[in-house]
Amino acid sequence: MSGTSIDSFPKPTTITGGCLCGSIRYQVDFPADHDFLRSSGSCQCTQCRRNTGALIFIAHTVPLKAFKYLTSTERIKNFYATPGIQRGFCMNCSSFLYWRDESQEDIELTIGCIDPEFLSEFSFALSNCMGNNVWCEAEIKGVTDSIPKGVKWATSGEEGKKM
C-alpha cells in the first residue's frame, strides 16, 4: 500500500472477474458514491471455511444493479447451506463466485475471482476488510485474529454482538 492512506487510495470505476474455466464472466460498474471501505469484509464461520477451503473468506459487496454477467448464466449453480443465502458456483470448474442474501439488493463477490489486473492495481480498495467482519468468535489466535481491520462481530452481522 505504498503511497496509499486510509483516506486516499486508488479506486476502480469498473472491474471484471469470473471463474477458473472462463464459463462465467461478470462486470461491476461501481456507483460514484460506492464506499470501498465499508464494502470490504470477511467471514470466519465454518460454512465459509469449508466453502472456500481457506481460513478466512474475504468479499467485496456491490449493489446488484451495478453487477452484470458478460456470459450465459446456465453454468451457475446456487447452493443453499442456509435458507435464503445463495452461494454461487461454476458447474464446470467449481469456482466459488459470490455469496448473496436473497432479501438484500447486493451481492458479495469473492475476492479471488476478480481479474488479477484489478486485484493488482486496486487491492486495498477491494479487500481492505474495513467493513463488517463476521463470525470473529471463530478466529484462530495468532493466525486470523489480526486480519479483519473494520467492525468485528462475534457471530453474524448487525444483529450479532460486536467484539
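I looked up arginine 25 and noted it as partly exposed, because its relative accessibility is 24% (buried is under 20% relative accessible area, exposed over 50%, partly exposed in between, with a 1.4 Å probe and protein chains only). The model is predicted, so I kept its rules: local features need pLDDT of at least 70, side-chain atom pairs count only at pLDDT 80 or more, and totals for chains, interfaces and linings use all residues. Residues are numbered from 1 along each chain as its sequence is written, and side-chain values use heavy atoms, with hydrogens and water left out.

I searched the whole structure for salt bridges and found two (a side-chain nitrogen of Lys or Arg within 4 Å of a carboxyl oxygen of Asp or Glu). Arginine 25 pairs with aspartate 115, with 2.6 Å between the closest N and O atoms. Arginine 25 sits in strand S2 and aspartate 115 in the loop between S9 and H2, so this pair ties together parts 90 residues apart in sequence (helices, H or I, at least four residues, and strands, E, at least two, are DSSP runs numbered from the N terminus). Aspartate 115 counts as buried at 11% relative accessibility.

I then checked the other bridge, where lysine 141 meets glutamate 139 at 3.8 Å between the closest N and O atoms. Lysine 141 is exposed at 63% relative accessibility, whereas glutamate 139 is buried at 11%.

Last, I followed S2 (residues 25-29) to S1, with which S2 pairs in the antiparallel sense over five bridges (pairing needs at least two DSSP bridges). Tyrosine 26 in S2 is the bridge partner of glycine 17.
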